[in-house]
Amino acid sequence: GKVNKVQHRVDKQQYAVKIIYLKKGKLTKFTRETRICAKLSHPNIVIYKTSWIQKCLSSTNDDHQKKF
């Protein structure tokens, strides 16, 4: 995956967004990682907020990937 530093349009807070391009059959691995991250709580680990799945329109559209 790739991690981007982004600023939310509404709350103006900065977030790290990890973008993962899933291959067929890899959804189970993604959901397992998501559940583990949601349970982690440590001062040296970035806080997990949320995840979502969306169909990728273009893997080269950097502007779309950095703004949400």
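Biologist: Let us start with Leu 27. Where is the place of Leu 27?

Modeller: Leu 27 sits in helix α1. Keep in mind that this is a predicted model.

Biologist: Is Leu 27 buried, partly exposed or exposed?

Modeller: The general idea is to read relative accessible area against two cut-offs: under 20% is buried, and over 50% is exposed. Leu 27 has 44%, so this residue is partly exposed. Leu 27 also belongs to a nonpolar surface patch together with Ile 20, Leu 22 and Ile 53. Together these residues have about 340 Å² of accessible area.

Biologist: Now the overall layout, please. How many helices and strands does the protein chain have?

Modeller: There are 2 helices and 2 strands, and along the sequence they follow the pattern β-β-α-α.

Biologist: In which sense do β1 and β2 pair?

Modeller: β1 and β2 are antiparallel, joined over 6 bridges. For a landmark, find Val 6, which stands opposite Tyr 15 in β2. The hairpin has 6 residues between the strands.

Biologist: How should I read the phi angle of Lys 12?

Modeller: Here is the general idea: most residues other than glycine have a negative phi. Lys 12 has a positive phi, near 60 degrees, and is not a glycine. You will find Lys 12 in the loop between β1 (2–7) and β2. Its relative accessibility is 52%, so Lys 12 counts as exposed.

Biologist: Next, charges. How many salt bridges does the structure hold?

Modeller: Again the idea comes first: side chains of opposite charge can pair when their charged atoms come close. The structure holds 1 salt bridge. Glu 33 forms it with Lys 18, and the closest N and O atoms are 2.8 Å apart. This pair links distant parts of the chain, with Glu 33 in helix α1 and Lys 18 in strand β2 (residues 14–19), 15 residues apart.

Biologist: And is Glu 33 buried, partly exposed or exposed?

Modeller: Glu 33 is partly exposed, because its relative accessibility is 32%.

Biologist: How does Arg 35 read, buried or exposed?

Modeller: Arg 35 counts as exposed because its relative accessibility is 59%. This residue also lies in helix α1, which covers residues 27–39. Ser 51 comes up again here: Arg 35 and Ser 51 are 16 residues apart in sequence, and their C-alpha atoms are 10.0 Å apart in space.

Biologist: Finally, the whole chain. What share of its residues count as buried?

Modeller: Of the 68 residues of the protein chain, 10% count as buried. The chain exposes about 6,500 Å², and carbon and sulfur atoms supply 54% of that area.

Biologist: Which share of the contacts comes from residues 24 or more positions apart?

Modeller: Among contacts with a separation of 6 or more, residues 24 or more positions apart account for 35%.

Technical notes:
Residues are numbered from 1 along each chain as its sequence is written. This is a predicted model: local features need pLDDT of at least 70, side-chain atom pairs count only at pLDDT 80 or more; totals for chains, interfaces and linings use all residues. Side-chain values use heavy atoms; hydrogens and water are left out. Helices (H or I, at least four residues) and strands (E, at least two) are DSSP runs, numbered from the N terminus. Buried means under 20% relative accessible area, exposed over 50%, partly exposed in between (1.4 Å probe, protein chains only). Patches are made of residues with over 30% relative accessible area and no salt bridge: like charges are joined within 9 Å, nonpolar side chains (Val, Leu, Ile, Met, Phe, Trp, Tyr) within 5 Å. Accessible areas come from the Shrake-Rupley method with a 1.4 Å probe; for residues, only the protein chains shown count as cover. A salt bridge is a side-chain nitrogen of Lys or Arg within 4 Å of a carboxyl oxygen of Asp or Glu. Contact means heavy atoms within 4.5 Å. Two strands pair if DSSP finds at least two bridges between them.
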